[in-house]
Amino acid sequence: MNTDERTQGKNHQVSGFTRAVRYLSLQARSEAEVRRYLARKEYSQEEIDEAVEKLMEYNYLDDFGYCQTFYRQAVMKNKGRRRIETELLGKGVGRQVVKEAIEALLEEEDGLEISDEKGRALEVGRKMARQQADSGKLQDEKFSAKVARRLAGLGYSTSIVYYVLDRLRAEAREQEEDWQDD
């Protein structure tokens, strides 16, 4: 009988490691998420520590790499750096690991779309402006407030929100002038 088959702790038919591997097979997770999961399944602290150590040995668990993957995926959903960092902290990744992983990724991806937070925020704003125009509505203060709330909710900084609002207003003025010239 190997260690995965014997009963461990409180009536466990499956080792903490095997259960954690199954949990990780669904999607990448942070170390803290795996620890919480195994604790909910009533594994002892010793079993949890052994499982996590083994997962790290096999490179199945790596908070640094997890942060970078999570960041890339969140960027594809137009989330801002602040929100991404907050979500990673909520998943139990240490503040220093989050900071170092994101900085390393941004250095590696320098100049590419992943590091262009202003550009991503502006695209979100432009999309909202197109939808506003398509529905025949003006870009008034109410619209600006809506864009600001959306961008803030996505985790963009105040300075980026103001940048986007200024650009959208300038683009709307240019478009208005073009219509008047025709």
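Predicted model: local features only at pLDDT ≥ 70, side-chain atom pairs only at ≥ 80, totals over all residues.
Helices here are DSSP runs of H or I with at least four residues, numbered from the N terminus.

Residues are numbered from 1 along each chain as its sequence is written, and side-chain values use heavy atoms, with hydrogens and water left out.

**α1 and α3**

I looked up the axes of α1 (residues 16-26) and α3 (residues 45-57): they come within 8 Å and cross at roughly 55 degrees. Axes are lines fitted to C-alpha atoms over the stretch in contact, with angles from 0 to 180 degrees between N-to-C directions. The crossing is right-handed, meaning the near helix is turned clockwise from the far one by less than a right angle.

Next I listed the contact (heavy atoms within 4.5 Å). From α1 I noted Gly16, Phe17, Ala20, Val21 and Leu24, which meet Ala51, Lys54 and Leu55 of α3.

**α5 and α6**

I then turned to α5 (residues 81-90) and α6 (residues 95-108), whose axes come within 10 Å and cross at roughly 140 degrees. That angle makes α5 oblique to α6. I found this crossing right-handed as well. On the α5 side, Arg81, Glu85, Leu88 and Leu89 make the contact, and α6 brings Arg95, Val98, Ile102, Glu103 and Leu106.

Definitions and conventions
Helix = DSSP H or I, 4+ residues; strand = E, 2+ residues; numbered from the N terminus. Parallel < 35°, antiparallel > 145°, perpendicular 65-115°, else oblique.
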